[in-house]
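Please go through the model shown here.

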2 protein chains.
Amino acid sequence: MKIRIGIIGYGNLGRGVESAIRQNSDMELVAVFTRRSPDCISISTSTAIVATIADIENYKDKIDVMILCGGSATDLPEQTPEYAKLFNVIDSFDTHARIPEHFANVDKSAKESGKVAIISVGWDPGMFSLNRVYANAILTEGKDYTFWGKGVSQGHSDAVRRIAGVKNAKQYTIPVDEAVDAVRRGENPELTTRQKHIRECFVVLEDGADASKIEQEIKTMPNYFADYDTIVNFIDEAEFNKNHSSIPHGGMVLRSGKTGLEKQNNHLIEYKIKLDSNPEFTSCVLVAYARAAYRLNSEGASGCKTVFDIAPAYLSQMSNEQLRATML
Amino acid sequence: MKIRIGIIGYGNLGRGVESAIRQNSDMELVAVFTRRSPDCISISTSTAIVATIADIENYKDKIDVMILCGGSATDLPEQTPEYAKLFNVIDSFDTHARIPEHFANVDKSAKESGKVAIISVGWDPGMFSLNRVYANAILTEGKDYTFWGKGVSQGHSDAVRRIAGVKNAKQYTIPVDEAVDAVRRGENPELTTRQKHIRECFVVLEDGADASKIEQEIKTMPNYFADYDTIVNFIDEAEFNKNHSSIPHGGMVLRSGKTGLEKQNNHLIEYKIKLDSNPEFTSCVLVAYARAAYRLNSEGASGCKTVFDIAPAYLSQMSNEQLRATML
C-alpha cells in the first residue's frame, strides 16, 4: 500500500513534486488540483488525474498527504489552514517574518481535523534552518553565517523585468569569495550586506530601450539592488534562452565556534548545497516530509509541525533497524 | 532547575564534556565517576565532586543524565547497558559493525528501568550519520561519500607507537583533494581506499632505531597502512611536542544525486566540519543530546535511541516558539 499524494498547483514546484514522487517507490501521485480548467494541464503521470480544486473534498479518503505548491505571498496563507481541515499537508511557506502567524493558523485547523501539517519545508526555510539549529545546539558560543547562491533569485529577476524597456531578465545572487573564506578561516567577520553577496543581472532589452538608463535604474533600486554591488549584462534573446533558462541555486550555512577551558579551540561546521534545479530539489525535500507527515499521523499525531519537530528517521524509507545497521 | 549531569571516565572526552557543560547555562556538572582513586583526579568544576564508580547507585536521584566517556572496545559494551538501569545515559559507541547488538542490549536495560539511552552520539557516528540520512531521504537516486580529516587517527597513531624503536608517533588521515573535487563536480567516481585518503605519520625514534626499517614496517602494516599511500616523517621530540600535541580532526559527508523527468539535473549536498579538538567537539554533541534525553524522559519516553530518533528541537535550549521565530 503506497502513500497516496495529491498536489495543489502545477508550476515549477508542482512539476518537481510529481517528478520526485517517481523516485520514491513507497509513494504514488493520485491527483493534481488546479484553479484553472483541468483540460489546460497535461501531467506526466499516466495513473494520476487532473482535477479542479472545487472538487477537492471528494478526495478526502483517497489522498494521504496533500503537497501545496502555491506561493507564500497569497496562496499558502489561505490554502494551508484551509486544506489542513481535510488532509495531512506539506507546504514551503517561506516568508520568514510571518511564520509564527502562519504556524498558529495551520495548527488550529490541523488540531481540529486531527491531521498533521508540516510548514516551511524546503531548503531555506528547511534544511538550512535544521543545520542552524543543530550547529547552534553543538557550538553554543559562536557565530552563524548564511550565504545564498550562486543561483537565481526569482524576486529580483521579477523586479528587473518590471522595468520599462526590459524584455526579459534573470538575476543571480553570488556569495563573495573573500567573505566566505574569512568565515572558513574562523575570523568571525562582521559582514555588511554588500560584503556578503554580489548581484549579477542578464537583461534582454526591448527594441530602442536605453541601456545606460536601465542599468542605472537597476543598480539604484531600493531594497533589491541599492545595497549591493550589482553587475548588469545586456545580452540578446538567443543567448538568454541558451544560457539562462535553468533555475540553479544553492548556498551554505556556516557556524564558527569555540570550546575549551584552558586553550580556546576553534571549530567550523559547514552545510553546503549546489543545485541544478532549485524547484526540483525543494520538491524532493517536500516529498520526504510528506512521508514523515503520513507516518506521524498514522501514529496518532496531529497539529502543525516544522522540520525542527521531525526526527530524521521519519524521512527515510528504511526501517529503524536498517538505518542503524547501514547509516549510523 | 538545571539539568544535573554526571560523567563516567575522565580522559580527553570526559574533560571535554566538563568544558561543554560550562557553555550550556541550563546544565550543571554534579559528579565525575572514576575507577581510579578519586584523589588522583583533579577536575575544573569547583561545585562538582569526584566519586568512585562503586558509589554510583547513591547518585540515582541526584543526576538526570549520565554521560559515558569510556572506550568502545571494552568500556561501553558493559557500561551503557549497566548504567541505563539507573540513569538516562548518553554514549559515543563507535564500533559501527556492533551497533545493532549494542542497541539491543541497551534498549533492554533502558526499557526495564524506564530511562532514555542515546547511543553512538558524536560526529561519526553522529552528525555524519544524520547527514547521510537526510541527504539520502532527499536525493533518493545518488551516491554517498565520506572523507575523514585532515585529522589525528588515534588507532593509527597507537599502531605506529607499538612498533619497536618508536618513541612517539602521530598519524594524520588526509582526504585526497582530487577525489573530493571529482565528487564535488558531480562525477560520481568509484574510489578505491588509496584514492580517497593519504596517511601521514610523524615519528620520534628511540636512540639507535633503524629509520628505514621502521618506515618500511609502517608502510606495509596490513589493515592500517598497506592499502594507502603513506608518508612517514621522522622528527625530534621538541618538534613533536611543539607541532603535534593537539587533536584536530574533521571531514565531510557528500551526496551527489539526480532529479528530473526530461532533463537530468545534478545536485550536491555537502556537510563539512573542521575541528581544532576532536574530543571537545564530540563532547559538545554529547551534551546537546543529554538535553534531549532528559526532555524525552520527562515526557515519559524510555528505551534506546540514536540520533535518527531525536527531533532537532530537543537539542536546543530555545523553546519551539523561539526556534520558529528566529531559526526557521
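The text below takes helix packing, a sheet, the chain symmetry and the backbone in turn.

This is a predicted model, in which local features need pLDDT of at least 70, side-chain atom pairs count only at pLDDT 80 or more, and totals for chains, interfaces and linings use all residues. Residues are numbered from 1 along each chain as its sequence is written, chains are lettered from A and ligands numbered from 1 in the order in which they are written, and side-chain values use heavy atoms, with hydrogens and water left out.

Two packed helices are described by the angle between their axes and the distance between the axes. Axes are lines fitted to C-alpha atoms, for helices over the stretch in contact, and angles run from 0 to 180 degrees between N-to-C directions. Helices (H or I, at least four residues) and strands (E, at least two) are DSSP runs, numbered from the N terminus.

| Helix pair | Axes come within | Crossing angle |
|---|---|---|
| α1 (residues 12-22) and α10 (residues 278-298) of chain B | 8 Å | roughly 60° |
| α2 (residues 75-83) and α3 (residues 99-113) of chain B | 8 Å | roughly 20° |

The axes of α1(B) and α10(B) cross at roughly 60°. That makes α1(B) oblique to α10(B). Angles under 35 degrees count as roughly parallel, over 145 as roughly antiparallel, 65 to 115 as roughly perpendicular and the rest as oblique. The crossing of α1(B) with α10(B) is right-handed, that is, the near helix is turned clockwise from the far one by less than a right angle. On the α1(B) side, the contact residues (heavy atoms within 4.5 Å) include B:Leu13, B:Val17 and B:Ile21. On the α10(B) side, they include B:Pro279, B:Glu280 and B:Leu286. By class, this contact of α1(B) with α10(B) has eight nonpolar, four polar and one charged residue. Ala, Val, Leu, Ile, Met, Phe, Trp, Tyr, Cys and Pro count as nonpolar, Asp, Glu, Lys and Arg as charged, and the others, Gly among them, as polar.

α2(B) and α3(B) are roughly parallel to each other. Here B:Leu76, B:Pro77, B:Thr80 and B:Pro81 of α2(B) meet B:His102, B:Asn105, B:Val106 and B:Ser109 of α3(B). The contact of α2(B) with α3(B) divides into four nonpolar, four polar and no charged residues.

**A sheet in chain A**

Four strands of chain A form an open sheet with the order β8-β9-β10-β11 and mixed pairing. Strands β8 (151-152) and β11 (229-234) of chain A stand at the edges with a single partner strand each, so one side of each has no neighbour in the sheet. Two strands pair if DSSP finds at least two bridges between them. Strand β10 (residues 197-205) of chain A runs parallel to β11(A), joined by six bridges. One pairs A:Glu200 with A:Ile231 in β11(A). Helix α5 (residues 154-161) of chain A packs on the sheet and touches β8, β9 (166-175) and β10 of chain A. The direction of α5 makes about 145° with that of β9(A).

**How the chains relate**

A rotation of 180° with 0.0 Å of shift along its axis superposes chain B on chain A, with RMSD 0.0 Å. The two copies are thus related as by a two-fold rotation axis. The superposition is by least squares on the C-alpha atoms of residues with pLDDT of at least 70 in both copies. Among the residues of chain B, B:Ala311 comes closest to the rotation axis, at 1.9 Å (C-alpha).

**Backbone spots**

A cis peptide bond joins A:Asp124 and A:Pro125, with omega about 5°. A:Pro125 lies in the loop between β6 (116-118) and α4 (127-138) of chain A. Another cis peptide bond joins A:Gly149 and A:Lys150, with omega about 0°. B:Ser120 is not a glycine, yet has a positive phi of about 60°.
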